[in-house]
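Subject: Structure handover

Hello,

Here is the structure for you to look over. My notes on helix packing and aromatic contacts follow below.

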Amino acid sequence: MFRTLIINTGEKITVKNNWLIVSENEEEKKIPLSDIYSIVIDNPRTTLTIAALNAITQCGAHILFCDESHLPVSHTYPMNGSYAPFGKLKMQIEMTEFFKGLLWKTIIQGKIKNQAKVLSLCKVPDEHVQRMLKFRDEVDYDDVTNREGIAAKWFFNRLYGAGFVRDHDNAINAALNYGYTIMRSSVAKTLAVFGFSCALGVHHINRHNGFNLADDLMEPLRPLVDLWVDQNQEDLVNELTKENRRDLVNLVNHTVLVGNRKYHLRYALTEYISSLTSAIAKEDVTLLKIPEIQLNDVFFKGNDGE
């Protein structure tokens, strides 16, 4: 599975003989089901048969559905990837509060380390990079002093300017929100494949949120979106263009580090979630393998998605 499809113009999606068929007028485009990692349906006129929906998810792919503003608003995941979903659920329920605090500390340290790499890649003065690394070293058990929040505000102001506010309605925030949604859906899909319950979070515990665990584990991946947005600011005007959305969806094809090895992010997520299983089973947070941004990273327009 390596292809991410963005359906902008196709009007009908069906399957036949293990091929996905996207039809528009008299034209058809065929893609092997086994090649598909995910599908973003960004056309409200598209129809999708139940047979196609079942075939896509049975092949391990997930689907995101967008609204008229082109924002992903819902998703569908495969439920048959794990051979031990009850075992994972039991493991999650039995995880101690103490170990959750250690996990959260490790996750936030990984996030701040990636933020420091982004600042370095964006040519922010080294003193600011070093301050980010100091924030990382200051993260305490369960991040009780909220270094994550303090570092995030400091990070955004160095990256996008002192006047940047995360919840303002502008093109930068629109791109961040879109990219974060893509990351969240990919993490949630991988968690589902490994049999984890996304509702049982480590730090996020919102009772109305069915994706608390995905929200925990996507934190170190947010800086990859932040990096793309910084390096493509000149192209961000008002609403996201089709090319902007395509590039953000294709972040799952970008190369990151897990340990000393390079992976496309979609495969790095498998390593990441697999290591989470080992870390919880052995109560050893050092086993958690958080994907890292490469220090020679550059973006990258129109890479290998569709």
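Helix α6 (residues 171–193) and helix α9 (residues 242–249) have axes that come within 9 Å and cross at roughly 35°. Please note that this is a predicted model. The crossing of α6 past α9 is right-handed. On the α6 side, the contact uses Ala175, Tyr178, Gly179 and Ile182. They meet Arg245, Leu248 and Val249 of α9. By type, the residues of this contact split into five nonpolar, one polar and one charged.

Now the aromatics. There are seven aromatic pairs in the structure. One of them joins phenylalanine 135 and tryptophan 154. Their ring centres are 5.8 Å apart, with 75° between the planes. That makes the pair edge-to-face, because the angle is over 60 degrees. Phenylalanine 135 belongs to helix α4 (residues 126–138) and tryptophan 154 to helix α5 (residues 147–160), so the pair ties together parts 19 residues apart in sequence. Are these two residues, phenylalanine 135 and tryptophan 154, buried or exposed? Both are buried.

The charged end of arginine 158 sits over the tryptophan 154 ring, 4.0 Å from the ring centre. A further charge-over-ring case involves lysine 189, which lies over the face of tyrosine 37. Here the distance to the ring centre is 4.3 Å.

Last item: an aromatic cluster. Phe155, Phe156, Tyr160 and Phe164 make it up.

Best regards

How values were computed
Residues are numbered from 1 along each chain as its sequence is written. This is a predicted model: local features need pLDDT of at least 70, side-chain atom pairs count only at pLDDT 80 or more; totals for chains, interfaces and linings use all residues. Side-chain values use heavy atoms; hydrogens and water are left out. Rings of Phe, Tyr and Trp (its six-membered ring) pair if their centres lie within 6.5 Å; planes under 30 degrees apart count as stacked, over 60 as edge-to-face and the rest as tilted. Helices (H or I, at least four residues) and strands (E, at least two) are DSSP runs, numbered from the N terminus. Buried means under 20% relative accessible area, exposed over 50%, partly exposed in between (1.4 Å probe, protein chains only). A charge sits over a ring if NZ of Lys or CZ of Arg is within 6 Å of the ring centre and within 35 degrees of the ring normal. Axes are lines fitted to C-alpha atoms, for helices over the stretch in contact, and angles run from 0 to 180 degrees between N-to-C directions. A crossing is left-handed if the near helix is turned anticlockwise from the far one by less than a right angle, and right-handed if clockwise. Contact means heavy atoms within 4.5 Å. Ala, Val, Leu, Ile, Met, Phe, Trp, Tyr, Cys and Pro count as nonpolar, Asp, Glu, Lys and Arg as charged, and the others, Gly among them, as polar.
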